[in-house]
Amino acid sequence: MSPRQLRQESSDIVTLYMSLVPFLRENSPVSVADTARHFGVSQKIIIDAVNNLYFMGPFNRSGVIPGGGMFDFDMDLFDEGRGDILVSQTPSLERTPRLSAQETTTILAGLQILRAASEPETRDVIDSLVKKISAARGSNSSPMIVKPVTPPPVIVEASAAISEGHQIRIVYANPDGSQTERTIDPLRIDFVGSTWYLRGWCHLREARRTFRADRVISHEHLDSAISTKSTEDLLQDSLFDESDTDLVATVSMPAWVFPFVSDYDPKLIDTTPSGDLVLEVRFAGVRNAVRFVCRHPGHIRVLEPESLRNAIAQWAVSRG
Amino acid sequence: MAVSGSGVTREKRLLGMIMTLLYYPHGLTKNELFACLEGYSEKFNSLRPSETDQGLERQFSRDKSELRRLGIPIETVSEYEALNDNQATRYVIRESEYEFPKDILFSAQELSLIERAADAWREGSMGRESRHALTKLRSLGLPADESRVGVSLSFNTSGDVFERVQEAIDESKSIDFSYLKPDSSTPEQRKVLPLALLFRFNQWHMYSFDLTREDFRTFLISRIISVPRLGSVVEFSQSGKDFAQILASEVNRLYSENVAIVEADLNSDAFVRLRSMFGEPWDDGAFRINFSDLALLADQLSEFGHMIRASSPASLQSELDARFARIYDAHSGGAE
């Protein structure tokens with residue numbers, strides 16, 4: 001897992017310390033680097049945590065309770081620069097804390113979406129995992145249910161191909177109505193809002209490509225292994241490469257619309273006096289821009305370029 | 001770290017409270033906590049015996065709710081209940097309630113699935129909750145199976161609406177918000193007690209008790225156009241029901257009752273995608289599409305423009321035409 005730099009809110013720090021102590025108890029001695037990697041935080045955060053915990057413990061009226069009340073780390077080992085954490089005494093926080101109701105809910109909801117995209121064996125694993133996590137919550141009913149629509153069949157197939165490192169062949173309907181057969185090294189599946197995408201290396205175009213799963217007409221799981229060497233650069237979060245999205249437009253919309261277009265990765269450039277947002281958005285073409293304004297017809301307005309405004313207006317009257 | 005007025009960071013204060021309450025199995029009264037906790041004691045010990053301080057009280061109440069939000073079960077135990085004397089209320093964290101159940105263990109594969117499930121929220125306002133869940137579960141020790149990235153998920157829940165609704169459900173509080181019905185252009189002010197959330201048919205639905213209309217109402221999160229304002233705790237006589245299940249059957253009923261009939265040009269982009277979403281067209285060449293709300297369906301179908309024709313319900317095509325007219329109006333003539 002790539003180390004994600006956490007925004008360190010106070011709740012993040014409290015949660016990290018509560019979780020770090022039981023981990024260190026089980027794994028000490030362990031290096032700062034390994035600990036940081038395990039929790040997906042920077043080494044500095046772990047070093048700060050150890051330095052802070054060293055002076056913490058349960059309190060009584062005269063301060064931290066002495067003798068048995070404090071954390072004990074081997075600070076010599078820690079300071080020697082080897083970066084090892086050796087913990088010999090933990091007066092508190094020895095156990096992994098339970099998940100809160102909302103924490104449990106977010107994990108369970110994510111698992112339901114993941115399940116929809118998974119092949120049968122993984123579904124079984126997820127089902128038993130859902131039972132375990134629900135049991136840990138201690139209450140049966142949750143105030144949240146997530147029932148994803150069944151994804152297009154290529155998603156489940158691609159998900160299996162990814163875990164096996166195999167290629168797939170698809171017939172893809174291009175937005176203009178033409179069809180192409182492509183061999184793909186599938187690398188990642190994205191579910192964004194309500195749309196499933198398949199990302200991979202396209203051997204027809206010899207480039208990274210993002211495919212809408214609902215445009216995949218047929219698919220075939222190949223026995224050949226993927227040939228892409230590096231998958232690293234596919235892990236970036238932006239769905240589309242800048243090269244796919246050559247049309248740069250300025251658009252405006254009420255602020256409440258914004259969350260529903262966030263998959264277009266819009267950049268905020270201004271706010272109007274009435275509170276509307278002015279954004280820069282990249283489109284792959286006019287069709288793509290039309291789809292964008294149709295997310296909330298009438299609420300989303302392209303301001304520039306003029307040629308795109310005209311094309312959208314033309315599209316809106318030419319129908320039928 | 002954010003430093004509060006007393007020079008003690010909020011996180012140190014919260015951690016001190018957790019450690020201290022875990023240390024005393026019978027708990028402590030508020031004054032006992034104030035007297036010993038860093039971040040409280042500096043001010044508290046300078047007060048006269050019977051004096052109270054509003055700032056300390058407020059800070060304590062904020063800290064308590066923050067800890068509860070983090071899943072730390074602070075209970076209050078009253079020894080002299082009949083006297084209703086706040087001073088005698090003891091605050092307790094029971095280790096058995098604090099601790100993640102010892103008998104639940106995860107495999108590396110399971111942990112990697114949890115990592116990906118948590119990632120679904122990374123861009124939304126619930127990112128914090130899923131981040132915390134991950135941190136806690138990682139403390140169980142096992143490294144996740146990193147073999148392949150596979151599936152990445154992202155709900156469209158950025159913005160504060162979703163988080164505020166969650167918070168209100170969690171704390172049984174009312175919310176106020178402006179709501180734009182799918183078929184309307186004038187927002188309404190609503191005041192409800194939210195009860196459950198459902199993601200179904202690619203929409204977040206909120207089930208709630210409407211405090212003005214005194215009845216249950218279902219809302220679409222995507223149509224809440226102001227950040228909900230949290231109100232006070234509502235005593236609700238029917239709490240304890242499985243409202244998420246009630247909402248799920250309600251939404252299912254709506255979708256099964258309403259069917260639209262839509263034709264698409266053969267092999268057009270619309271045809272390919274409608275077939276992928278709603279299955280093969282019937283013998284008459286038209287797709288059958290279940291929906292809950294006509295205006296919402298028209299929003300969803302509008303991007304297909306002239307590639308589709310709606311024959312049923314009768315008003316669907318005119319709803320579509322109205323949208324094309326709105327898009328035309330927004331894009332004809334010079335930009336403002």
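This is a predicted model: local features need pLDDT of at least 70, side-chain atom pairs count only at pLDDT 80 or more; totals for chains, interfaces and linings use all residues.
Next I asked how many of the 16 residues of α5(A) are buried. I found 13, and I therefore wrote the helix down as mostly covered, taking buried to mean under 20% relative accessible area.

I then looked at how α5(A) lies against helix α7 of chain B, residues 127-138, and found that the two axes come within 8 Å and cross at roughly 95°. Because angles of 65 to 115 degrees count as roughly perpendicular, I recorded α5(A) as roughly perpendicular to α7(B).

Which residues meet there? On the side of α5(A) I listed A:Q102, A:E103, A:T106 and A:I107, and on the side of α7(B) I listed B:E129, B:S130, B:H132, B:A133 and B:K136. Sorting the residues of this contact gave me two nonpolar, four polar and three charged.

I also looked for disulfides, and the count over all chains came to zero. Looking up two cysteines, I found A:C294 buried with a relative accessible area of 2%, and B:C36 buried as well, with 7%.

Last, I turned to chain B as a whole, where I counted twelve helices and twelve strands. Of its 336 residues, 53% count as buried. When I took the contacts in chain B between residues at least 6 apart in sequence, 58% of them joined residues at least 24 apart.

Key. Residues are numbered from 1 along each chain as its sequence is written. Chains are lettered from A and ligands numbered from 1 in the order in which they are written. Side-chain values use heavy atoms; hydrogens and water are left out. Buried means under 20% relative accessible area, exposed over 50%, partly exposed in between (1.4 Å probe, protein chains only). Helices (H or I, at least four residues) and strands (E, at least two) are DSSP runs, numbered from the N terminus. Axes are lines fitted to C-alpha atoms, for helices over the stretch in contact, and angles run from 0 to 180 degrees between N-to-C directions. Angles under 35 degrees count as roughly parallel, over 145 as roughly antiparallel, 65 to 115 as roughly perpendicular and the rest as oblique. Contact means heavy atoms within 4.5 Å. Ala, Val, Leu, Ile, Met, Phe, Trp, Tyr, Cys and Pro count as nonpolar, Asp, Glu, Lys and Arg as charged, and the others, Gly among them, as polar. A disulfide is a pair of cysteine sulfur atoms within 2.5 Å.
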